[in-house]
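The structure comes before my entries.

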Amino acid sequence: MQISFLKETFIHTVGQHQGIIHKVCRIYRDTVEDREDLFQEILFQLWKAWPSFRDESRVASWMYKVALSTAVARYRKKQVLLQHGIKDEMAPVPKEEEHPGKDRLYRAISQLGDADKAIVALYLDDYTYDEMADILGITVNHVGVKLSRIRNKLSQTLNPTKHGS
Amino acid sequence: MVAQKSKSVSARARRKAVIEAITFALVLLVFFTGLDPERNHFLVNIFLVLAVLAGVVNNLLLYRNMLINPQGESVAATLRRRVSSFKQQLSLSIAFSVLLFAGAYTFLLASVPISGSKVWWVLLVLVLSILVRSWFEVRRWRSSIRQLTQCQVQLSATTARAG
């Protein structure tokens, strides 16, 4: 009885914010297969942590903590693949709209380090510096410094000619 | 354009735990059916059984350590906890190697009369066996620890520069 109630509230709550999981998967994994794998892992970790979750007003922050921790702390061996060899796997995730500008941005983000990716994910979701600091476990000042450096890096990646001249 | 495909290491750890548990059981079976355990002192036999059981426990801990279990703590806290559990796992694996080889060599040589310089050769082979297995363990955990430590450094890099 209690488990079915837990299950229901979990599905309802997490379902409302599942965009967070999709975003984290897209930022941290390059192939569709890996994204699906990470999606399952994050869902599993959320489900395990769900009984101890209390503060329902901060579901999104909690989900980000679990999702980012899972993505960053999950060790994986990387295999570099050439694009023509993985054409099918690099196809956009179903249901996701084609958006060249957005794709370019995500490609640039994928070149950042794991910690920087976490900051960008939160920044794209309009989190305040305080919230980002709480989720990441660093100080508000560091969030500011980090974000400024990340903006520079992304700007260089997205506009190489401007920075080259 | 290149992409990075990930290989699930937790799935491999799970497979490894099962394969090693089966191997340990077979090793025990061979040792206790074909290698005259009755000639050994019962403590020697028990030592080998305990060493093999330690291997099974080691694999169970390994599998547990591969699970992330974030409880809504910050990303930095999860990374710290995970690096520490990986280091702990590495130490446990090395300790297990010492136990396993000590148990196996004691079992095999307890009833064989060894004298003079042969004792040193046996000890040398024992130490070499432990070193080789430990080296594989270090190699296996080094990349996991390095990847997480790099991320920790990235998170705290501003601390050093800004501070």
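**Entries on fold and core**

I read chain B along its sequence and found the pattern β-α-α-α-α, where helices (H or I, at least four residues) and strands (E, at least two) are DSSP runs numbered from the N terminus. I was working with a predicted model, in which local features need pLDDT of at least 70, side-chain atom pairs count only at pLDDT 80 or more, and totals for chains, interfaces and linings use all residues. Residues are numbered from 1 along each chain as its sequence is written, while chains are lettered from A and ligands numbered from 1 in the order in which they are written.

I noted nine helices and one strand in chain A, in the order α-α-α-α-β-α-α-α-α-α.

I looked up burial (20 or more other C-beta atoms within 10 Å of the residue's own, C-beta atoms being placed from the backbone). Of the 165 residues of chain A, 28% are buried; for the 163 residues of chain B, the figure is 23%.

Which residues have the most contacts inside the largest nonpolar core? I took a core as buried Ala, Val, Leu, Ile, Met, Phe, Trp, Tyr and Cys residues joined through C-beta atoms within 7 Å. The largest has 36 residues, and A:V24, A:A67, A:L68, A:V72, A:A118, A:L136 and B:V75 have the most contacts inside it. Helix 4 of chain A gives the most to this core, with nine residues.

I recorded another core apart from it, of nine residues, including B:F31, B:V52, B:F101 and B:F107.

Definitions and conventions: Buried ≥ 20, exposed ≤ 12 C-beta atoms within 10 Å, placed from the backbone.
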